[in-house]
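Trainee: Could you take a close look with me at a single part of this model, and then at a few spots elsewhere in the chain? I'd like to follow it step by step.

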Amino acid sequence: MSTINPIPDSHRSVTPYLTVKNAAAALAFYRAAFGATETMRLHMPNGAVGHAEFTIGASHFMIADEYPAATSTAPHTLGGSCVKLHLYVADVDAFFARAIAAGAVETMPPADQFWGDRMGALTDPFGHHWMIASHLEDVDPADLQSRMDALFAGSGSTPEPADAAPGCEGHYNSLQHGMFSWCELLTSDAEAAKTFYSSLFGWQMEPAPTALPGVDYTLINCDGHHIGGLMAIPADKTGMPPHWGTYVTVDDVDATAALAQQLGGAVCLPPQDIPEVGRFAVLQDPQNAVICVIQYVAAKSPACG
């Protein structure tokens, strides 16, 4: 009788298999950021990493360069990833800081969570999402629902549907990757624009607090739904013509900007953060049409205050 273990001793039942662009660089990043230990690597004839394995703590991972012919595609090619990897560590704050220093992008700073963990979230330079946590408290499962209820009761809000953006109901149209989610007018005369569009479409104009200092932002309300906003062209952009901008929701703004360039487009405004709203960029397609992309965060929008 064979003594070979059908499940290798070094593996658990499920092993994450990561697909990336430039697996060699990814392995170097995981070593620097997460303290990973590479255990094997195989190269394709063209020099690409055909398969490699590494460990982080007691967990085993596999990784390879993308190979579309084998349905192996990297997040940057797809425009984002819908999968998150949860990683327990001894000191989430120290681990998180090291990962950011190595090139990861923070999507949620470490904070104590109601289920007993201290957790933060980040995206690595190759498009994969990580939730980093340290366990602080053993919570009775029977108490979890009441803790969640207390969390939302204390915030004065309830979670939005999965296809609605966080913050205030109706302020954005969708959190789904690839969906149009907001319209915004930048104008040379905000007051005149309010009068014109109110008379033209019957829109109601509502002043809104914003997290951006010095910005006077107006919400556009149509039959009780916030459909867009308008603001004056910033003083340092005096050469910019008045225009409407459309926003498309994406899972990863930085990856989408990089992909746009790979596809022959351009980045007019590099990815940058809007406090309490998200991260956005302005892109230009190969035919010179301009579009905005945004990755929302689970926080109040500037329209909510």
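Mentor: Happy to! One term to begin with: strands are DSSP runs of E with at least two residues, helices are runs of H or I with at least four, and both are numbered from the N terminus. Keep in mind that this is a predicted model.

Our part is helix α3, which spans residues 92-101, and its buried residues are Val92, Phe95, Phe96 and Ala99. These four cover an arc of only 100° around the axis, so they sit on the same side of α3. Now look at what lies over them: the cover includes helix α1 (23-34) along with the strands β5 (84-88), β6 (105-112), β7 (117-123) and β8 (129-135).

Next, turn to the ends of the helix. After α3 comes glycine 103, which has a positive phi, near 125°.

You will find asparagine 288 in the loop between β15 (278-284) and β16 (290-296). With a relative accessible area of 54%, asparagine 288 is exposed, since the cut-off for exposed is over 50%.

Definitions and conventions
Residues are numbered from 1 along each chain as its sequence is written. This is a predicted model: local features need pLDDT of at least 70, side-chain atom pairs count only at pLDDT 80 or more; totals for chains, interfaces and linings use all residues. Side-chain values use heavy atoms; hydrogens and water are left out. Buried means under 20% relative accessible area, exposed over 50%, partly exposed in between (1.4 Å probe, protein chains only). The arc is that of the directions from the helix axis to the C-beta atoms. Contact means heavy atoms within 4.5 Å.
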